[in-house]
Amino acid sequence: MRHGSTAPLAAEPPQPQPSLSNSIPHRRKKRKRRVAATSTSISSETSFANGSDQLKNRIHDAAVECEQEPKAEQSKATYPLVELRQRSVKGGESLGNSVVTAVDAGDVTEVCSIAAATSETAESLELKRVLEDDWISNKSPMSYFFEKVYNGNSVWSTTIIGDEKGRERVYDTIFRLPWRCELLIDVGFFVCFNSFLSLLTVMPTRMLMTVWRLLKTRKFNRPSTIEFSDFSCFLILACGVTVLQQIDISLIYHMIRGQATIKLYVIYNVLEIFDKLCQNFIGDVLQMLFHSAEELARCPPETQSMRFWIRRFISDQVLAVVTSIVHSVILLVQAITLSACIVSHYNALPALLVSNNFAEIKSYVFKGYSKDNVHSMVYSDSIERFHISAFILFVLAQNILEAEGPWFISFISNILLVYVFEMAIDVIKHSFISKFNNISPIAYSEFLEVLCKQTLHMQTEDAKKKLTFVPLAPACVVIRVLAPVYAANLPYNSLSWRLCWILLFSAITYIMLTSLKVLIGMVLQKHARWYVNRCQRRKHHLHAD
């Protein structure tokens, strides 16, 4: 306790006990020396402490030592006692933010755990100690080496100790993200395939039903928005196939095959860039075309607005036809380039795949991306995977028509090589993009949920999150490639028999494509409904992802 003044003690006459009077000043000086030594040791030893816990322990020990004197002797003392207090000090974030306060005869002195806390920080003191400690000059090279051998990790000077968050990042990159990414790309591929089959099966069926209804009723009604859209897509498809029929595939093939590997790499990359540009642009063009078809179907007849929307619909239709033809030619030349690499005598396919895919990693991985950019990138990879499948179908058709000798085994091995490279590059790319941009694997599950909602025709918050795929150009390429295969198997009979065989092949193909469309569509709907329900349970903490 603190004594406010010493007047009452001075008023009492001193007792005639010389031994006690002589021992009290000696004990007081001894106690002051003990407190001073304790506070000095606290100040000197805690200036380089690692935390506030060690400082608090020393303060507690000092307080215990000061209180070990008997309370009877403290009551007889004629001088004020010493008191230790601890208070917080703002400064020195790395060490204990506390000081020891010694009160002696009303004078308050503070002994800081951080030496000169107002002027120097713990970091500056540590730097000063290291610079002043010239211990390296007193050591021999061998003692220095063996000290490094026996003390600590050899790479601690260039690395840091990790934590659980770092462990999660490593395992996310290696295990959790790759299968989520590949699952999302595969589901996106089947969504594109389903749209492609719809163009070849559902659209012709609706057009035949419209023509049959027109012939049956013999009354022309204004087409609906869907009928206008089907007519536009059919016109684009017919024009694209007609233009591609005029292209000599053999001439382009031999021109490309005669080039060196580096030229093949340049050609394929240029075509791939233009493919992505056309894919993005034709999506916007078709949106304009479908909007014009909707407005044309809703506007009142024989008005100025109807003539305006007719002109706009025609202009949008022409633009869509031209854009689709250009995109179809680019895809056809790209498929010819891949075919030339597969059948080349100097084995240009591995070189093309390695150079093209690792250039893709270099151009994508070491850049900053947002979550929406990664979302669009995954959809682009799904579309690219579908285009590669169309190219492989082209290679298969060319082998059926022109290959000699056993070719199927080599074809299968080359196709597996293409798909393995593509899958590996996509997984590596997305794993490290997510690692460098702090995107968790659960984000890919959210992307898959958005894609499943799109499959179920559910409204999403942002239209940009939808997978936009236009199957017109790939359909033109596939029809152009498969037409010679069907023509080569037609019998050399009269025209009527040939027409019958054409109708038979068309009916068989239509039935096969329709069955495949129904199967894929139902599986996608089933999977989308299951996955959306699973995500809803996870959000309500009923399911752990």
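Does H387 count as buried or exposed, and why? H387 counts as buried because its relative accessibility is 2%, where buried means under 20% relative accessible area, exposed over 50% and partly exposed in between, with a 1.4 Å probe and protein chains only.

The model is predicted, so local features need pLDDT of at least 70 and side-chain atom pairs pLDDT 80 or more, while totals for chains, interfaces and linings use all residues. Residues are numbered from 1 along each chain as its sequence is written, and side-chain values use heavy atoms, without hydrogens and water.

The protein has 17 helices and 3 strands; these are DSSP runs numbered from the N terminus, with helices (H or I) of at least four residues and strands (E) of at least two. Of its 545 residues, 37% count as buried.

H387 lies in helix 13, which covers residues 371-402. Beyond its neighbours within four places in sequence, H387 is in contact (heavy atoms within 4.5 Å) with D275, Q279, H327, L331, F469 and P474. With one of these, D275, the side chain of H387 makes a polar contact of 3.1 Å. A polar contact is a pair of N or O atoms within 3.5 Å; within protein, one must be able to donate a hydrogen and the other to accept it, and residues adjacent in sequence count only if both atoms are side-chain atoms.

F274 belongs to helix 10, residues 261-298. F274 counts as partly exposed because its relative accessibility is 43%.

Across the protein, among contacts with a separation of 6 or more, 78% come from residues 24 or more positions apart.
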